Amino acid sequence: MAGHFLTSLAPAAFGARPAGERLARIQGSPHFRDGAFRNPVPTRRGSPGAIGKMLRAQKAAAGLRRPAGAIPLVTPSALDFARTPMTGLRACWLGHATVLVELDGVRVLFDPVWSTRCSPSAAFGPARLHAVPVRFADLPEVDVVVVSHDHYDHLDMATIRALAGRDAAFVVPLGIGAHLERWGVGAERITELDWHEAGEVAGLTFTATPARHYCNRGARVLGTVLWASWVVAGPRHRVFHSGDSGYFPGFADIGREHGPFDLTMIQAGAYAEAWPEVHLHPEGAVQAHTELGGGLMLPIHWGTFDLAPHAWEEPAERSVAAARALDTDLVIPRPGALFEPALVDGAEVEPWWREVAAAPNRWAGDVEAEPAASVRAVPAA
């Protein structure tokens, strides 16, 4: 009762506190100890001397954290979405961690954010560096919406409310269902999973897998909302979405149990020396991809919001270099471009982000626009 009362007093954007049967299930989770969910390995949200590290990093990245011009987007049409993927697996990176995946005839939308700001307010907070390539009104019908955790750049109240008016099912980690219900999603449409639990939705298997991160929405950290990475498997294909995570040995465990993957979508941006244990840097993201048994990697969580003290395009450049070093496969499409992982073999590495980088000469010679067997980027469609 107290949880419902306190929720009613909080701004809607803060979501809701789990209560009742939902809270009881949370408290019974093996990952919930001493009043809060715990990471798979000991984790600090910040590192010693974090303030000094941030100030130095911000100084080093001054003038580089935003693009110098308009980010080149691809705007797929209704006809593009209506065409059936030739291979049965197609993806469209819409910016940051939002990816629309068509997997064995089912459309899955990961971490949807259409708002201008990733913030509890439309008046302040990090604003988009580019528009969403697909207007929400033009978004094709989605079968399943997947959320990794409740930070504002992954769980957007306005977008969820809009999706509540459609027919999609929602698959989320434990506790996040409380937010969704407050925002108008019926409980019968929500599947909430603990780590290592799986659910069958729309003919696909969704498995919540561990991540090294945290949840925080509202005035204080409650500890009763879980974060997760996701494995989605169909009859022919399977994909992995990391959500947000620091590096930990669990990626190899996920790969052994659930891999290999046709596509991995892994957080490779918004990293800093000040918080090394809760976000991957590009080299760690590529390492995680190899340990997962990934076929093709899509670096996500960069290029859309200025959330960390590094150059806007740095995640792309470092991801490409790391992929080459580990001889693994990478795709970096312009936001909005449709691609089928099985059809990008032999594509050229096209550093399109340099067109609008504040200091493109920083990377001269690092990425050549030549065919490469081990690193791939999709040209604009």
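For contacts I count heavy atoms within 4.5 Å. Helices (H or I, at least four residues) and strands (E, at least two) are DSSP runs, numbered from the N terminus. This is a predicted model, so I note that local features need pLDDT of at least 70, that side-chain atom pairs count only at pLDDT 80 or more, and that totals for chains, interfaces and linings use all residues. Residues are numbered from 1 along each chain as its sequence is written, and side-chain values use heavy atoms, with hydrogens and water left out.

**Entry 1: α5**

I looked up which residues of helix α5 (residues 157-164) are buried. Buried here is under 20% relative accessible area, exposed is over 50%, and partly exposed is in between, with a 1.4 Å probe and protein chains only. I got M157, T159, I160, L163 and A164. They cover an arc of only 160° around the axis, so they sit on the same side of α5. That arc is taken from the directions from the helix axis to the C-beta atoms.

**Entry 2: α7 against α8**

How do the axes of α7 (residues 250-258) and α8 (residues 282-292) cross? They come within 7 Å, at roughly 30°. That makes α7 roughly parallel to α8. The axes are lines fitted to C-alpha atoms, for helices over the stretch in contact, and angles run from 0 to 180 degrees between N-to-C directions.

On the α7 side I find F251, A252, I254 and G255, which meet A288, E291 and L292 of α8. By type, the residues of this contact split into five nonpolar, one polar and one charged. Ala, Val, Leu, Ile, Met, Phe, Trp, Tyr, Cys and Pro count as nonpolar, Asp, Glu, Lys and Arg as charged, and the others, Gly among them, as polar.

I also listed the buried residues of α8: P282, G284, A285, V286, A288, H289 and L292. Their cover includes α7, β12 (238-241), β13, β14 (294-300), α9 (314-326) and β15 (329-330). Following α8 comes G293, with a positive phi near 80°.

The peptide bond from G259 to P260 is cis, with omega near -5°. I place P260 in the loop between α7 and β13 (261-267).

Two residues other than glycine turned up with positive phi: D104 at about 50° and D111 near 40°. D104 is in the loop between β4 (98-103) and β5, while D111 is in the loop between β5 and β6. D111 counts as buried, at 1% relative accessibility.

**Entry 3: two buried loop residues**

Is P210 buried or exposed? Buried, with a relative accessible area of 8%. P210 is in the loop between β10 (204-209) and β11 (229-233). Leaving out residues up to four places away in sequence, P210 touches P40, W195, H196, S229, F248 and I254. I also checked P210 against G250: 40 residues apart in sequence, 7.2 Å C-alpha to C-alpha.

H96, in the loop between β3 (89-95) and β4, is buried at 3% relative accessible area.

Notes: Angles under 35 degrees count as roughly parallel, over 145 as roughly antiparallel, 65 to 115 as roughly perpendicular and the rest as oblique.
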